[in-house]
Amino acid sequence: MASTSVVLDKQHSTTDISAPKQNRFALVSLTTLFFMWGFITCLNDILIPHLKAIFDLTYTQSMLVQFCFFGAYFIVSLPAGQLVKKVGYQKGIVAGLVVAALGCLMFYPAASMHSYAMFLSALFVLASGITILQVSANPYVTLLGPTESASSRLTMTQAFNSLGTTVAPYLGGLFILNEAVHSMATEPSADSVKVPYLVLTAALLILAAIFAWLKLPHIASAETEEDEVVSGSAWQYRHLVLGALGIFVYVGAEVSIGSFLINFFGEANIAGLEESEAAKYLTYYWGGAMVGRFIGAAVMQKIDAGKTLAFNAFFAVVLVTIAMLTSGSLAMWAILLVGLCNSIMFPTIFSLALNSLGKHTSQGAGILCLAIVGGAIIPLLQGVLADIIGVQLSFILPVLCYIYIVAYGVIGSKPSAVTLKEQA
């Protein structure tokens, strides 16, 4: 076994992360994945009103779309981490693409059967594939180069994820909702989702074939060999556990604010906008995250990632507080600017939490993706608050989330002395 390990180490050393050109090629290839899962995830915002109308659902029933989607992160993340630990990052990416393609393909029979339960099943399978992609691709990006610039690299690739979330609502509205309007004039039908999701199925399978063929660099320091026993667990790293809580509150705050924006802009003391008009302003919220990630990727080449995270979270606290305590255009634009502050938070928390995990990196990535379930829980809690104290004051919950992120950036993200000693 020892001789086998030596041979494998030599093989790794020839393809490890020492070649900048090879790393750049890998990063460019990975941006397509980030764009694709951002695009698919944001299509849920189109599906919710579409399926609600077709199946005559209540708001609670229609929100099962998000619960099934984010529920997959909670259920699949840890098994996905074990899968990636066993087969490696590249094969994990291919597996995620194939599973996601299967989920997209299931939309066709769901539409033909006119079954909401089948749609929810398809969404769960689709989200399971995206979870495997997240567990594979996010840590892989952080490891493709120096530790000091890991947050910058992940922020840049996440910017293409934001590009997907910006483009998806427009294309989804064009190809799904517009077609649905014509079909609803005769008889309620879900057929408008068939062609778009068949196209997505084909695109994901093509990407799977490309990534199976590509020669991506191996990262020996983070991969385990067959029969290799790795002592300890990712749970022993304090900065990872605190980072998982950071991912939980960040995703929860981001999704929660986005979910309440239209209702918030409809308040008489804010803007009094109709839903169709208020929806147009969502572009500024999600578009701000995209712009901020491109800026943040450059900034974090020069400035410490933890300090940048704390800076952004602090201003998010200020902006949300202004939105809570003021009215009119000031409150409206303050909450929209939070999107710009959100920009670097997910990739920065993710990369800081994975710092110095070594062979526990894939397990750590699974734990962090598990924490994305905050996107299902925190909006629900804010909904309860909104029923009790009103929409505007309910934003106190995101304020508390951002306060925690400030603390994580300043203190919690630092690996302990014990962790650093183990990695030495």
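The protein exposes about 18,100 Å², of which carbon and sulfur atoms supply 69% (Shrake-Rupley method, 1.4 Å probe). This is a predicted model, in which local features need pLDDT of at least 70 and side-chain atom pairs count only at pLDDT 80 or more, while totals for chains, interfaces and linings use all residues. Residues are numbered from 1 along each chain as its sequence is written, and side-chain values use heavy atoms, without hydrogens and water.

**Confidence**
- Mean pLDDT (the predictor's confidence in each residue, from 0 to 100) is 80, and 83% of residues reach 70 or more.
- Residues 1-18 have pLDDT below 50, and this stretch has 21 contacts beyond near neighbours in sequence (heavy atoms within 4.5 Å).
- Where pLDDT is low, the predicted coordinates should not be read in detail.

**Overall fold**
- The protein has 20 helices and 0 strands (DSSP runs: H or I of at least four residues, and E of at least two, numbered from the N terminus).
- Of its 424 residues, 55% count as buried (under 20% relative accessible area, 1.4 Å probe, protein chains only).

**Helix 6**
- Helix 6 (residues 89-105) has 17 residues and spans 24 Å between its first and last C-alpha, close to the 24 Å expected at 1.5 Å a residue (1.5 Å times one less than the number of residues).
- Its buried residues include Tyr-89, Ile-93, Leu-97 and Cys-104.

**Gln-392**
- Gln-392 lies in the loop between helix 18 (374-389) and helix 19 (396-412).
- Gln-392 counts as buried because its relative accessibility is 12%.
- A polar atom of the Gln-392 side chain lies 2.6 Å from the backbone oxygen of Thr-326.
- Leaving aside residues up to four places away in sequence, Gln-392 touches residues including Phe-264, Asn-269 and Met-324.

Definitions and conventions
Buried means under 20% relative accessible area, exposed over 50%, partly exposed in between (1.4 Å probe, protein chains only). A polar contact is a pair of N or O atoms within 3.5 Å; within protein, one must be able to donate a hydrogen and the other to accept it, and residues adjacent in sequence count only if both atoms are side-chain atoms.
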